[in-house]
Amino acid sequence: MTDAAEAAGAWQQWHEQRTASVSEPYGPLALTGTHWLDDYPEGKLPAIPGQWRADGDSVVLTAAPEDGLTREGQQLTGEVRLTADAQVGLGERRLVAIVREGLWAVRDFDPGSAPRRAFRGIEAGPYDPSRAVEGRFTPYEESRTVRVENADGKKRGLGLGGELAFTLDGQDHTLQVGVQADGSLWAVFADVTSGDGSYRFRFLRPAAPDAEGRTRVDFNYAVLPPCAFADHFICPFPPPGNTLTVKIEAGERNLADV
């Protein structure tokens, strides 16, 4: 088997695993609501029992036995503090506490959501070896944060740790990227196909650069942001300079037609 055939086979396996993961019972297709607690000062969230309020670095939930709320299989009664990503059960649903820039919200995941029932797969371009190139990461002297619009129409900070440079179709390009806790990179980008053949923006997660800053930039592994699967995610739009002047027809492009 040739290297190209092996790369295409590995990508196909990844694509199948990715499709399975997003359609899991509590994957992104199951999100039916993101409720910001500041919008509900009385503590009553839509279609969610209990009293919910933010209190510093946690969410305080007050539950009665008839609310049917559980944690780790045990019925909740009285007051409990929830930190970020803590989960509460409500029948088959999962309620998850999140925090963004000091503001708390509760996400409602329902395995029976309409988008999950309607899901027919992810439209993706065939593997294209020309869209897998070598790149070089140059960190900023100091990490920076830029304010970008999010999918919910609000602006939030996007952390950036440096620039990723690479060449496609004979043109030099750079992307501003974030650096994850494990050293891997994360880019929010758009390209010539965005909104016309592919979703309006996508994510790319190159591996951690080596000591010389080298890493593989493989757009075959570009993925749809969570907000492509459910309207209740707050994905950041690309920062200034992250719209490429080439077509990226590789990678995930849209949800498959129903």
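Which residues does asparagine 220 touch, not counting residues up to four places away in sequence? Asparagine 220 touches Trp11, Trp14, Pro126, Tyr127, Asp128, Arg131, Ala132, Ala250 and Gly251, where contact means heavy atoms within 4.5 Å.

The structure is a predicted model, in which local features need pLDDT of at least 70 and side-chain atom pairs count only at pLDDT 80 or more, while totals for chains, interfaces and linings use all residues. Residues are numbered from 1 along each chain as its sequence is written, and side-chain values use heavy atoms, with hydrogens and water left out.

**Asparagine 220**

Asparagine 220 lies in the loop between strand S16 and strand S17 (252-255). Strands are DSSP runs (E, at least two residues), numbered from the N terminus. With a relative accessible area of 0%, asparagine 220 is buried; the term buried means under 20% relative accessible area, calculated with a 1.4 Å probe on protein chains only. Its side chain reaches the backbone nitrogen of aspartate 128 at 2.8 Å. A polar contact is a pair of N or O atoms within 3.5 Å; within protein, one must be able to donate a hydrogen and the other to accept it, and residues adjacent in sequence count only if both atoms are side-chain atoms.

**The sheet of six strands**

Strands of a sheet pair through backbone hydrogen bonds, either parallel or antiparallel. Here, 6 strands form an open sheet with antiparallel pairing, in the order S15-S14-S13-S12-S11-S16; two strands pair if DSSP finds at least two bridges between them. Strand S15 (202-204) and strand S16 (214-218) are at the edges with a single partner strand each, so one side of each has no neighbour in the sheet. On average, neighbouring strands of this sheet are turned by 45° against each other, direction ignored. The angles are taken between axes, which are lines fitted to C-alpha atoms, and run from 0 to 180 degrees between N-to-C directions.

| Strand pair | Bridges | Facing residues |
|---|---|---|
| S11 (residues 132-149) and S16 | 5 bridges | Valine 133 and valine 217 |
| S12 (residues 155-168) and S13 (residues 171-179) | 7 bridges | Glycine 162 and valine 177 |
| S13 and S14 (residues 185-189) | 2 bridges | Glycine 178 and tryptophan 186 |
| S2 and S3 (residues 58-63) | 5 bridges | Arginine 53 and valine 60 |

The hairpin of S12 and S13 has 2 residues between the strands, and aspartate 169 takes a positive phi near 50° there. S13 and S14 also form a hairpin, with 5 residues between them, and glycine 183 in the turn has a positive phi of about 90°.

**The sheet of three strands**

Another open sheet is formed by 3 strands in the order S2-S3-S6, with antiparallel pairing. Its edge strands are S2 (51-55) and S6 (78-82), each of which pairs on one side only. Neighbouring strands of this sheet are turned by 25° against each other on average, direction ignored.

**Nonpolar cores**

A nonpolar core is a set of buried Ala, Val, Leu, Ile, Met, Phe, Trp, Tyr and Cys residues joined through side-chain atoms within 4.5 Å. The largest has 30 residues, of which Phe201, Phe203 and Phe229 touch the most other members. At least two residues of this core come from each of S1 (31-36), S8 (93-100), S9 (103-109), S11, S12 and S14. Apart from this core lies another, of 18 residues, among them Leu37, Ile48, Val59 and Leu76.

Not counting residues up to four places away in sequence, phenylalanine 203 touches residues including Trp186, Val188, Phe189, Tyr221, Pro225 and Cys235.

Key. Helix = DSSP H or I, 4+ residues; strand = E, 2+ residues; numbered from the N terminus. Buried < 20%, exposed > 50% of the residue type's maximum accessible area, 1.4 Å probe, protein only.
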